[in-house]
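User: I am new to this structure. Can you walk me through how to read it, one feature at a time?

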Amino acid sequence: MNAITANQRFRLLTKAVLPYSILRFLLEAGELLANPAMRAEIKRNQKFRFKLAGKRCFILGNGPSLRDEDLNKLRGEIVFTCNNIGKSGLLDGIVPFAHFMTDIRLVNGEDASSRRSRIAENVRLLKRQNAQPLLFLGYGLRDFAIESGLAEEFET
């Protein structure tokens, strides 16, 4: 049996003692401190801080449960979308304020080249009915947005 190092013991103890939310916060804070590009990206997004404060907003994913909902009730509301909801056809009459792309695994890894163009096209589908939603990108997705042309077509 291999002996575990002091660092491994510390990690195991930390995971056992700290709630996941606090552990996740500490990991993200450490990454933010160590990554100047991420800090610059977050600083760019400060212009959106409090922009919709106090207003009613809705966030839509693209899960199968949405098929049973009457989304017409969201016409004229402030709607945020995420994932691949553009391809679902559920947004007829709904103009998204912003769309979030956060999962870098969708555009990287095996078979990514075949997915990349589909994902970009799904995002473009959100521009129906003269909609021009903001596009918020998870860290690491800016290169994908530039390469696919999304960065030129949307305010990011």
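**Reading the model step by step**

Analyst: Start with one residue. Phe-10 sits in helix H1, which covers residues 6-17. Keep in mind that this is a predicted model.

User: Is Phe-10 buried or exposed?

Analyst: Look at the relative accessible area. Over 50% counts as exposed. Phe-10 has 56%, so it is exposed.

User: How many helices and strands does the chain have?

Analyst: Count the elements, then read their order. The chain has six helices and four strands. Along the sequence the pattern runs α-α-α-β-β-β-α-β-α-α.

User: Why is the chain said to be more spread out than a compact globule?

Analyst: Compare the radius of gyration with the globule rule. For 156 residues the rule gives 15 Å. The chain has 19 Å, well over that value, so it is more spread out than a compact globule. The C-alpha trace spans about 60 × 40 × 35 Å along its principal axes.

User: What share of the residues is buried?

Analyst: Buried means under 20% relative accessible area. In this chain 31% of the 156 residues are buried. The accessible surface comes to about 10,800 Å². Carbon and sulfur atoms hold 55% of that surface.

User: What share of contacts comes from residues 24 or more positions apart?

Analyst: Take the contacts with a separation of 6 or more. Residues 24 or more positions apart account for 49% of them.

User: Which residues make up the largest nonpolar core?

Analyst: Look for buried nonpolar residues joined through their side chains. The largest such core has twelve residues, including Met-101, Val-107, Ile-119, Leu-137 and Phe-154. Helix H4 (112-124), strand E4 (134-137) and helix H5 (142-148) each give two or more residues to this core. H4 gives the most, with three. Another core, of nine residues, lies apart from it; among them are Leu-60, Leu-71, Ile-94 and Leu-126.

User: Which residues does Leu-141 contact, leaving aside its neighbours within four places in sequence?

Analyst: Pick a core member and list its partners. Leu-141 belongs to the largest core. Beyond those neighbours, Leu-141 is in contact with Met-101, Thr-102, Asp-103, Ile-104 and Val-107.

User: And Asn-122, is that residue buried or exposed?

Analyst: Asn-122 has 12%, so it is buried. Its place is in helix H4. Leaving aside neighbours within four places in sequence, Asn-122 contacts Asn-84, Gly-86 and Lys-87.

User: Which residue has a positive phi of about 65°?

Analyst: Here, look at the backbone angle and the residue type together. Phe-50 has that value, although it is not a glycine. Phe-50 lies in the loop between helix H3 (36-44) and strand E1 (57-60). With a relative accessible area of 63%, Phe-50 is exposed.

User: Where does Asn-83 lie?

Analyst: Asn-83 is in the loop between strand E2 (78-82) and strand E3 (96-101). Its phi is near 60°, a positive value in a residue other than glycine. At 45% relative accessibility, Asn-83 is partly exposed.

Technical notes
Residues numbered from 1 in each chain as written. Predicted model: local features only at pLDDT ≥ 70, side-chain atom pairs only at ≥ 80, totals over all residues. Heavy atoms only, no water. Rg over C-alpha atoms; globule rule 2.2 N^0.38 Å. Buried < 20%, exposed > 50% of the residue type's maximum accessible area, 1.4 Å probe, protein only. Contact = heavy atoms within 4.5 Å. Areas by Shrake-Rupley, 256 points an atom, 1.4 Å probe, with all protein chains shown as cover. Core = buried A, V, L, I, M, F, W, Y, C linked by side-chain atoms within 4.5 Å.
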